[in-house]
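Subject: Structure for your review

Hello,

Please find the structure below, with notes on what was found in it after that.

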Protein chains: 2
Amino acid sequence: MAGGLTPKGEQTRQRIVAAAAQLMFDGGVSGTTIEDVRAAAGVSSSQVYHYFKDKKALVEAVIEYQTETIVGGQEPMLAALDSLEGLRAWRDFLVKHQEELECRGGCPIGSLGSELAETDNQARAKVAAGLARWEQGIRSGLRAMHARGQLGAVDPDELALATLAALQGGLLLTQIQRSTKPLQTALDAMLALIAYEAAA
Amino acid sequence: MAGGLTPKGEQTRQRIVAAAAQLMFDGGVSGTTIEDVRAAAGVSSSQVYHYFKDKKALVEAVIEYQTETIVGGQEPMLAALDSLEGLRAWRDFLVKHQEELECRGGCPIGSLGSELAETDNQARAKVAAGLARWEQGIRSGLRAMHARGQLGAVDPDELALATLAALQGGLLLTQIQRSTKPLQTALDAMLALIAYEAAA
């Protein structure tokens, strides 16, 4: 993505993307101007345009950044989703993280998807790829449980997709209600289903 | 909400709200100007401002309109959610509706919530109220199943909240992936859990 940049250039680019990601998380893509990003990153307009030809290009970099931060950051935990204990630890982490954020912002990737899906098809596809990476992390754990005969006849891939949906819906309701209860309840329902399958 | 309007006034007001709801569904709140709404509704600017003092007031009317259209429209179906057959019929309706929309737009209420939650606290609360009405519809069916001893020891209220989360997450992923599969899979997971509870 940032091929050919010097280490210093890469650093500046990253600072711009991180500032844009925070602003867009707080106020949406449409509520964020290049001028806001410039000021928050402490760079000049020409620097912003040196790295990103337009806002659309910056938005795509933000989607990649959020995918890397969130899904990349969860990868050690996702690698342990091959047991009910691992799933419970991940659920606890997600709920605690929302408590720390006071239930603000929702899912940084899902929110970008919701805002951009109908107006920027490339951004939509990039969000889909980011979420697919998350789904894949969940799926590999559930596939391992399935391979050990711990999920009965259920399709682990469908369970992974349903878990990602529960997570996204739970995060959205948690944001709207300003309570972690929806996220907690949505994930617990999936854990209950997985426990039933495991016992079946 | 529209107390004191003549029938003709009420009609004009409704035309403005319906036009705004469609534009905001297609391109988001931020992508919709009062001028767009005026043109789509075929009224003058002063007519728009006669009914709505500003865009914020119009957005609130749109949230109420979408709640009434979607949740109100589903109420006969929600009243039948006290059996697995009723739940399956509702799931089929929701999936078919997304097919008809070619998976565009996501949930008209949830999308408004995602876009507005961090920037308009009154709108957030109104979306929360709309979603609570939906949850209530789901809950009353599950409570009836529970009262008949058909849900084992599970809490029907938590099951209702988890089902709403599965629906919202399923709709969001369906919008982002342009496929009904996530919605279908998310709702099927909830149906499987309810069937397990019913058999427990």
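The notes cover the basis of the model, the contact between the chains, the salt bridges and a few single residues.

This is a predicted model, in which local features need pLDDT of at least 70 and side-chain atom pairs count only at pLDDT 80 or more, while totals for chains, interfaces and linings use all residues. Residues are numbered from 1 along each chain as its sequence is written, chains are lettered from A and ligands numbered from 1 in the order in which they are written, and side-chain values use heavy atoms, with hydrogens and water left out.

The two chains

Chain B superposes on chain A by a rotation of 180 degrees with 0.0 Å of shift along the axis, at an RMSD of 0.0 Å. In chain B, the C-alpha nearest the axis belongs to Gly169(B), 1.8 Å from it.

The contact (heavy atoms within 4.5 Å) involves 43 residues from chain B and 43 residues from chain A. Of the interface residues of chain B, 100% are also interface residues in chain A, so the copies meet through the same surface. Between them the chains bury about 3500 Å², with 67% of it on carbon and sulfur atoms. Buried area here is the accessible area (1.4 Å probe) that two parts lose on being put together, summed over both. On the chain B side, Glu118(B), Ile176(B) and Tyr196(B) lose the most area to chain A, together 19% of what that side buries.

Between chain B and chain A there are 13 residue pairs in polar contact, both residues at pLDDT 80 or more. A polar contact is a pair of N or O atoms within 3.5 Å; within protein, one must be able to donate a hydrogen and the other to accept it, and residues adjacent in sequence count only if both atoms are side-chain atoms. In chain B, the helices H1 (7-27), H6 (108-116), H7 (121-147), H8 (156-177) and H9 (181-199) each supply at least two residues of the side that touches chain A. Helices are DSSP runs (H or I, at least four residues), numbered from the N terminus. H8(B) gives the most to that side, with 13 residues. The residues of the side divide into 20 nonpolar, 14 polar and 9 charged. Ala, Val, Leu, Ile, Met, Phe, Trp, Tyr, Cys and Pro count as nonpolar, Asp, Glu, Lys and Arg as charged, and the others, Gly among them, as polar.

Salt bridges

The structure holds 25 salt bridges over all chains, each a side-chain nitrogen of Lys or Arg within 4 Å of a carboxyl oxygen of Asp or Glu. The count between chain B and chain A is 2. Glu118(B) and Arg178(A) meet in a salt bridge at 2.9 Å, N to O. Arg178(A) lies in the loop between helix H8 (156-177) and helix H9 (181-199) of chain A, and has a positive phi of about 55 degrees although it is not a glycine.

Within chain B, the side chains of Asp82(B) and Arg148(B) form a salt bridge at 3.4 Å, N to O. This pair links distant parts of the chain, 66 residues apart: Asp82(B) is in the loop between H4 and H5, and Arg148(B) in the loop between H7 and H8. Asp82(B) is partly exposed at 24% relative accessibility, and Arg148(B) is partly exposed at 45%. Buried means under 20% relative accessible area, exposed over 50%, and partly exposed in between (1.4 Å probe, protein chains only).

Glu135(B) and Arg139(B) meet at 3.7 Å, N to O; both lie in helix H7 of chain B, 4 residues apart, about one turn of the helix. Glu135(B) is buried, at 10% relative accessibility. In chain A, Glu68(A), Glu75(A) and Arg133(A) are linked in a network of salt bridges.

Single residues

Thr67(B), in helix H4 (residues 55-78) of chain B, is buried with a relative accessible area of 8%. Leaving out residues up to four places away in sequence, Thr67(B) touches Gly72(B), Ile109(B), Gly130(B) and Arg133(B).

Glu102(B) is exposed at 56% relative accessible area and has a positive phi of about 50 degrees although it is not a glycine.

Regards

How values were computed:
Copies are superposed by least squares on the C-alpha atoms of residues with pLDDT of at least 70 in both.
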